[in-house]
Structure formats: C-alpha cells, structure tokens
Amino acid sequence: MRVKAQVAMVMHLDKCIGCHTCSVTCKSTWTNRPGTEYMWFNNVETRPGVGYPQEWENQDYYKGGWELKNGKLRLRAGGPITKLMNIFYNPNMGTMDDYYEPWTYDYEHLIDSPKSENLPVARPKSMITGNYMDKPEWGSNWDDDLAGGSEVVSRDPNVKGLQDHIAMEYEKTFMMYLPRICEHCLNPSCVASCPSGALYKRDEDGIVLVDQEECRGWRFCMNGCPYNKVYYNWNTHKAEKCNFCYPRTEAGLPTICSETCVGRIRYIGVVLYDADRVKAAASVEDPQDLYEAQLNCFLDPFDDDVIKAAKEAGINEEWIKGAQESPIYKMAMKWKIALPLHPEYRTLPMVWYVPPLSPIMNHITNEEELNTDGYIPAVDQMRIPISYLASLLSAGDTSVIRKVLLKLTAMRVHMRSVNVGGIDELGKS
Ligand code: SF4
Ligand code: SF4
C-alpha cells in the first residue's frame with residue numbers, strides 16, 4: 001500500500017443557483033491579466049448545453065481525447081498522416097472559436113454615441129484585436145437558461161436518446177447548472193501529455209500545477225485534458241490552469257470559489273488513497289466499472305493499517321485527522337451520494353458531484369401512494385431524466401444515479417417529517 005493524501009471537492013448541484021459568483025471571484029483572483037481574458041479556471045455551465053469551451057465533451061479525434069489501448073491510456077493519434085503531422089505541431093488543438101473572443105464595452109462612446117431607434121448603440125470591442133464587433137459570437141455561458149434553444153441543446157452529446165426532451169418541446173425541457181474546475185485527477189492525462197514535463201502533480205496534496213519556467217507552449221495539455229481545463233496564455237506563451245488556490249489552501253483557507261459560493265454548494269476535504277491501485281483502476285475495461293474502480297483506490301482513514309502506512313509515508317497527524325473529518329470522505333465514500341464527472345475519461349477526477357433532485361413530472365393521484373414510501377418510486381418521474389444525469393456522472397449506468405436519488409429523496413422526506421411533520425399529517429392542520 002502506497003498511501004497518498006489528496007485535496008478534493010464535492011459540489012452539491014441541488015444548491016447551485018447559477019449566479020456565477022464563483023467564476024467572477026476566481027477570475028478576478030487568477031485570470032485578470034493580459035493573455036488570460038478568455039480563461040475561466042472556474043466556469044458554470046447551463047445544462048443541457050455545449051459548455052465551455054464549446055463541445056468540450058466531444059472526445060472525437062479532432063478534439064483530441066484519450067483512449068485505452070493494450071491496457072494503457074494514450075492520446076488518440078489518428079492515421080499515419082496525422083502521426084507524421086504530430087511531429088511538427090499539434091493538429092488536435094482547439095481554436096479561439098471554441099472558447100470565445102473576449103470583448104468589452106466601448107466605455108468612451110457608451111454615453112455619447114449618436115441617437116438611434118434601438119438603444120444601446122455602442123458596439124462591443126474585441127479585447128484581442130481592439131476592433132469593434134458587430135456582435136459577440138459566443139461566450140463562456142452562452143447557453144444560459146436555454147437561450148440557445150434546441151440548436152444548442154441538441155449539440156450536447158449527453159442528450160442523445162433524449163430527443164423528446166430537447167428544447168423544441170418546451171413543456172418537457174429541463175435545466176441544471178454544472179460548475180466546473182480542474183479535476184486535479186489521480187491519473188492526470190495533462191501531466192502525461194506534456195513533452196516538457198512542465199505539468200506535475202504535487203506529492204503532498206495532489207494539486208496539479210504548471211511550472212511556468214518549464215512550459216514551452218506546446219499546448220498538448222490543452223487537448224490531453226479530456227475536461228479541457230488547461231488554457232494557453234497568448235501573452236506569456238505558457239499554459240495556465242486552476243491551481244486549487246494553493247496559496248490559500250496552504251494557509252488553511254478554502255479556495256476562493258468555495259469561500260464566495262452563494263449557494264454554499266462546495267465542500268473541500270482531504271482523502272487518502274492507495275497510489276498503487278491507480279493504474280489498474282484507470283485501465284478497467286468496462287467504463288461503467290470505473291466509478292467502483294476509483295472508489296476502490298480510496299482508503300478508510302479510520303483503519304489502523306491505513307493510519308500506520310500513512311504515517312510511514314510522511315503524512316502528518318493533522319492531515320490524517322482531516323481525512324477522518326472530511327466531508328468528501330462522507331459524501332463520496334461513506335454515504336455514496338457524490339459521483340465523479342465523466343468517469344469514462346479514466347483520469348480518476350477528484351471533483352465529485354451530488355446529482356440534483358428535480359420536480360416530479362406526474363402528479364401522484366392514487367391516495368394509497370401518497371405516503372412516505374410513495375415519494376420514493378417517484379425518482380423515475382423527475383424532470384431531469386435519470387439517463388441524462390447518468391451520462392454525466394456514471395458512464396451511462398442509470399442504476400448508480402437511481403440509488404443516489406433514492407437516498408437523497410429518503411433524506412428529504414425524513415428531514416421534512418422531523419422539521420414540519422410527516423406526510424400523513426397533510427391536511428390535518
Ligand atoms: Fe489535468 Fe484536466 Fe485532470 Fe485537471 S482535469 S488534472 S487539467 S487532466
Ligand atoms: Fe453555483 Fe455557488 Fe457558483 Fe453561484 S457561486 S454559480 S451557487 S457554484
């Protein structure tokens with residue numbers, strides 16, 4: 001057993017209100033310099049939608065991505081011509097159109113521009129070229145609240161098979177928010193893809209960083225990361241990414257996105273894992289087994305053998321205690337209500353999500369069903385289809401999502417009966 005400590009995050013999606021405060025505070029802390037205008041280390045996506053950068057979940061050849069070959073993870077290389085081209089440049093790299101051209105208001109003329117029938121008339125200005133734009137073409141959350149309608153929704157690869165839910169049938173639409181940061185993966189493909197060895201995973205807490213001195217701007221990390229969470233600074237010609245606010249976490253403070261989160265959806269904690277199990281877990285053949293395989297990497301922080309091995313590995317008492325009190329340990333490992341985002345990418349991500357409950361679509365009219373238990377089968381009638389959540393959080397295995405939603409529903413019913421009386425009290429007041 002090779003024990004390592006890892007900082008991790010769980011986001012409780014039921015509580016996200018899509019206010020973007022986390023994105024703004026992160027941006028003003030980390031990416032407010034020339035060259036970083038289009039970067040959002042933290043972004044919040046409205047789902048269904050194509051996300052940011054556009055279609056980042058599209059792991060086809062042109063967007064890069066990783067595949068399992070002969071038991072090993074490798075970057076998709078394409079045919080012989082592409083392999084030859086790979087020697088000279090990175091053909092899978094995204095373009096600015098996948099992100100967006102950042103723009104600003106023309107403050108100078110905002111007030112004194114000529115009168116017109118429709119206001120405002122001042123045109124936005126590109127922050128890269130300095131030219132006036134007819135209109136911004138795209139933004140980091142263009143599909144906010146289904147603004148893109150069916151065109152955007154149907155480009156979400158997770159919507160496959162859910163055509164009757166696309167935005168054309170508005171009475172069946174659903175939406176949810178998905179905040180995203182770098183996953184600080186146990187098996188980070190960004191690190192593996194860097195020819196300069198500039199990306200590295202810190203031994204003491206698992207945070208994945210880019211050494212700015214070593215980075216040579218190859219940009220293989222940009223599509224080596226299946227979550228598309230590495231960016232290229234056009235001013236310094238170096239890669240940049242979320243650093244889990246390490247100057248803050250080292251001082252015992254939460255990340256800025258967590259501290260300022262309006263919905264209080266973010267939980268941070270330490271987990272212990274066995275580094276010897278990582279490779280085998282990432283190589284499991286069936287994608288639907290990857291969630292269990294990743295769970296199997298984690299260690300029980302109360303187990304005497306684990307504590308002994310952790311101490312021998314140099315992990316101090318404070319961190320071991322932190323792992324025992326960690327909300328991540330409770331939500332992801334003990335209660336099993338948090339799940340990894342796209343476990344099928346095989347990088348063993350360390351930002352996990354509690355899936356959202358949503359309103360029941362059909363009224364329960366049968367009086368006999370209207371009891372405490374009657375709410376439980378209703379998870380299958382929730383507005384957000386279980387199959388959509390499964391495509392995000394369990395490689396399509398709906399039984400995993402169903403179990404989590406049943407637990408959350410049961411807890412909600414229990415807490416309601418504790419706080420406001422049981423369902424059998426209905427109508428008695
Ligand atoms: Fe690397 Fe991407 Fe994983 Fe972050 S999410 S550690 S950038 S592979
Ligand atoms: Fe959601 Fe919190 Fe971000 Fe607001 S600050 S969008 S509630 S994660």
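This is a predicted model: local features need pLDDT of at least 70, side-chain atom pairs count only at pLDDT 80 or more; totals for chains, interfaces and linings use all residues.
Visitor: Why is α14 called roughly perpendicular to α15?

Guide: Helix α14 (residues 386-393) and helix α15 (residues 398-420) pack at an angle of about 110 degrees, with their axes 8 Å apart. Angles under 35 degrees count as roughly parallel, over 145 as roughly antiparallel, 65 to 115 as roughly perpendicular and the rest as oblique, and therefore α14 is roughly perpendicular to α15. Axes here are lines fitted to C-alpha atoms, for helices over the stretch in contact, and angles run from 0 to 180 degrees between N-to-C directions; helices (H or I, at least four residues) and strands (E, at least two) are DSSP runs, numbered from the N terminus.

Visitor: What makes the contact of α14 with α15?

Guide: With contact meaning heavy atoms within 4.5 Å, α14 contributes Ile386, Ser387, Leu389, Ala390 and Leu393, and α15 contributes Thr398, Ile401, Arg402 and Leu405. By class this contact has six nonpolar, two polar and one charged residues, where Ala, Val, Leu, Ile, Met, Phe, Trp, Tyr, Cys and Pro count as nonpolar, Asp, Glu, Lys and Arg as charged, and the others, Gly among them, as polar.

Visitor: Which residues of α11 and α12 meet, and how do their axes cross?

Guide: The axes of helix α11 (residues 304-312) and helix α12 (residues 317-325) come within 10 Å and cross at roughly 145 degrees. Ile307, Ala310 and Lys311 of α11 meet Glu317, Ile320 and Gln324 of α12, a contact with three nonpolar, one polar and two charged residues.

Visitor: What makes β12 and β13 edge strands?

Guide: The open sheet of four strands has the order β12-β1-β14-β13, with mixed pairing, and two strands pair if DSSP finds at least two bridges between them. Each of β12 (266-274) and β13 (339-340) pairs on one side only. Between them in that order, β1 (residues 3-12) and β14 (residues 351-354) run parallel and are joined by four bridges, and the bridge partner of His12 in β14 is Val354.

Visitor: Which residues are around ligand 1, and which come nearest to ligand 2?

Guide: A residue is near a molecule if one of its heavy atoms lies within 4 Å of it. Around ligand 1 the residues include Cys182, His184, Cys185 and Cys225, and the shell divides into eight nonpolar, two polar and two charged. Ligand 2 has 14 residues around it, of which Cys16, Cys19, His20, Cys22 and Cys261 come nearest.

Visitor: What is the phi of Glu55, and where does Glu55 lie?

Guide: Phi of Glu55 is near 55 degrees, a positive value in a residue other than glycine, and Glu55 lies in the loop between β2 and β3. That loop is also the place of Pro53, whose peptide bond with Tyr52 is cis, with omega about -5 degrees.

Definitions and conventions. Residues are numbered from 1 along each chain as its sequence is written. Chains are lettered from A and ligands numbered from 1 in the order in which they are written. Side-chain values use heavy atoms; hydrogens and water are left out.
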